[in-house]
Amino acid sequence: AASSEDEDSDEGEWHRQMSLKRHMRRNTEKSPAGCALNAKRPELRPSKKFACDDCGKTFRDHFSLRSHMRVHSEEKPFGCQSCGKSFKHEHNLKIHMRIHTGEEPFGCEVCGKRFKHQHNLKTHMRIHTGEKPFVCDICGKRARHQNNLKTHMIVHKGERPFGCDVCGKRFNRKTHLATHMAVHTGEKPYSCDFCGKRFTRKTHLNSHITVHTGEKPFGCGVCGQEFTQQGSLNRHVFCSQKNLV
């Protein structure tokens with residue numbers, strides 16, 4: 001038969017285990033990170049005993065492992081009832097649903113503009129902060145967006161990836177190709193609000209507008225004479241230099 005000392009020892013151990021369980025439960029409820037003892041005593045942390053057979057990554061519970069396994073499989077159990085698109089994880093479906101609901105939970109505190117995704121808000125904030133984290137290694141020019149830097153790099157590489165299907169002329173930017181196409185199509189998308197005259201390029205329209213407004217934004221640095229168009233200033237400078245010779 002067991003001695004009373006052994007019985008007291010067993011009962012004491014039982015009470016200690018129960019106290020520890022209550023303590024762990026209280027601390028876990030208070031903090032999502034769990035009991036602070038976990039950080040100091042590794043033996044108290046839940047063991048990662050569920051391992052992925054494909055990559056070896058381990059997880060604390062079967063649910064996490066099952067969710068991870070979708071990375072290796074084509075399983076997409078979460079489907080959108082609006083468009084039928086499927087996702088591997090529920091939170092991805094929730095984010096996708098903003099396309100249909102129009103929900104924009106992330107708002108700019110400066111201008112009030114709202115966004116569906118947090119990373120879009122983060123990118124937008126660079127307009128207000130002036131941050132340009134992407135730097136050209138060749139000339140040091142900075143850009144707000146990585147795509148802008150990629151477009152800029154074409155200048156240094158001499159690439160002209162955008163070609164005209166009609167005449168074969170090539171351009172380093174898609175916008176330049178679109179402007180060029182008006183030569184072949186005859187399209188003049190920019191019209192003057194004063195007289196209705198149409199232009200293939202916005203710069204040509206802006207230059208034309210000065211005829212109506214009387215604005216003379218181009219001034220001679222020598223004599224101060226002002227002109228409505230850059231071409232007129234160029235001719236003035238050329239003639240002035242010719243007369244000096």
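Residues are numbered from 1 along each chain as its sequence is written. In this predicted model local features need pLDDT of at least 70 and side-chain atom pairs pLDDT 80 or more, while totals for chains, interfaces and linings use all residues, and side-chain values use heavy atoms, without hydrogens and water.

Trainee: What is the mean pLDDT of the chain?

Mentor: pLDDT is the predictor's confidence in each residue, from 0 to 100. Of the residues in the chain, 80% reach 70 or more. The mean is 82.

Trainee: Which element gives the most to the lining of the largest pocket?

Mentor: Helices (H or I, at least four residues) and strands (E, at least two) are DSSP runs, numbered from the N terminus. β8 (142-143) and α7 (146-157) each supply at least two lining residues. With four residues, the one giving the most is α7.

Trainee: Is His204 buried, partly exposed or exposed?

Mentor: His204 is found in helix α9 (residues 202-213). Buried means under 20% relative accessible area, exposed over 50%, and partly exposed in between (1.4 Å probe, protein chains only). His204 has 40% relative accessibility, so it counts as partly exposed.

Trainee: How far apart in space are His204 and Gln229?

Mentor: In sequence, His204 and Gln229 are 25 residues apart. C-alpha to C-alpha, their separation in space is 9.9 Å.
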